[in-house]
Amino acid sequence: MAKIKILLADDHEIVRSGLASMLNGYDDFQVVKEIPSGEKAYQAYTELLPDVLITDMSMPGIGGLEAVRRICGKFRNARIIVFSMHENVTLAMQAMSAGAKGYVIKSGDSQDLVTAIHHVMNGKNFLSAEMAQKIAMQSVTGSDDPTQRLSTREFEIFRLLAEGLTISQVASQLSLEAKTIANYQTMLKHKLGFNSSAEMVRLAIKYGVVSS
């Protein structure tokens, strides 16, 4: 039986090595390459066309979310699992909206990732039980998170700006014009109701988009 070819993207070498060792221990898995950034994940995916990409969310450069968006924009049948430390409903929903088929949290059971791979290979989506429960609870309680109404591109720009990057730095990372980022920033102010960088950061922290 042909092995499931897996591409790993995470900026922490120890995490990548540990994951590769674990996954290669299964008879039906083969890690074909380990990548440290979103840009390289996109490049490697294009070159190798793996069966599954497992990517972190927070990485240098364009990051996991933008990598997911770009890959799924070019390869509509891409199978991508986000493997993240962020137990945040908004991030999980944004990842799935960008095209990811699975969202697994790093603090969960290691078997979750194996189950997720088999799910996405069978055309199914997968969420860690903790994330599925949080999404269900938010739906029941009717919690209103305005960042969930942002598009994937809007959300990623909001996240990068809230992390303290300048307009020029965000433009460089996302391969866009600085004027385009400035226009997005103005639009985000109207959509989210902040008037200053400090208010933007407080909002991002409140809804778990960035850590305090």
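Accessible area here comes from the Shrake-Rupley method with a 1.4 Å probe. By that method, the chain exposes about 10,300 Å². Carbon and sulfur atoms supply 50% of this area. The model is predicted. The chain holds 10 helices and 6 strands.

**Overall form**

- The C-alpha trace spans about 55 × 40 × 30 Å along its principal axes.
- The chain has a radius of gyration of 17 Å, which agrees with the value near 17 Å for a compact globule of 212 residues.

**Burial and contacts**

- Of the 212 residues in the chain, 46% are buried.
- Take the contacts between residues at least 6 apart in sequence: 65% of them join residues at least 24 apart.

**Charge**

- The chain carries 22 positive and 22 negative side chains.
- The centres of these two sets lie 7 Å apart.

**A look at threonine 147**

- Threonine 147 sits in a loop.
- Buried means under 20% relative accessible area. Threonine 147 has 0% relative accessibility, so it counts as buried.
- The side chain of threonine 147 makes a polar contact of 2.6 Å with the side chain of aspartate 145.
- Leaving aside residues up to four places away in sequence, threonine 147 touches Thr90, Gln94, Phe155, Phe158, Leu192, Tyr207 and Val209.

Key
Residues numbered from 1 in each chain as written. Predicted model: local features only at pLDDT ≥ 70, side-chain atom pairs only at ≥ 80, totals over all residues. Heavy atoms only, no water. Helix = DSSP H or I, 4+ residues; strand = E, 2+ residues; numbered from the N terminus. Rg over C-alpha atoms; globule rule 2.2 N^0.38 Å. Buried < 20%, exposed > 50% of the residue type's maximum accessible area, 1.4 Å probe, protein only. Contact = heavy atoms within 4.5 Å. Lys, Arg positive; Asp, Glu negative; His and termini not counted. Charge placed at Lys NZ, Arg CZ, Asp CG, Glu CD. Polar contact = N/O pair within 3.5 Å; in protein donor to acceptor, adjacent residues only side chain to side chain.
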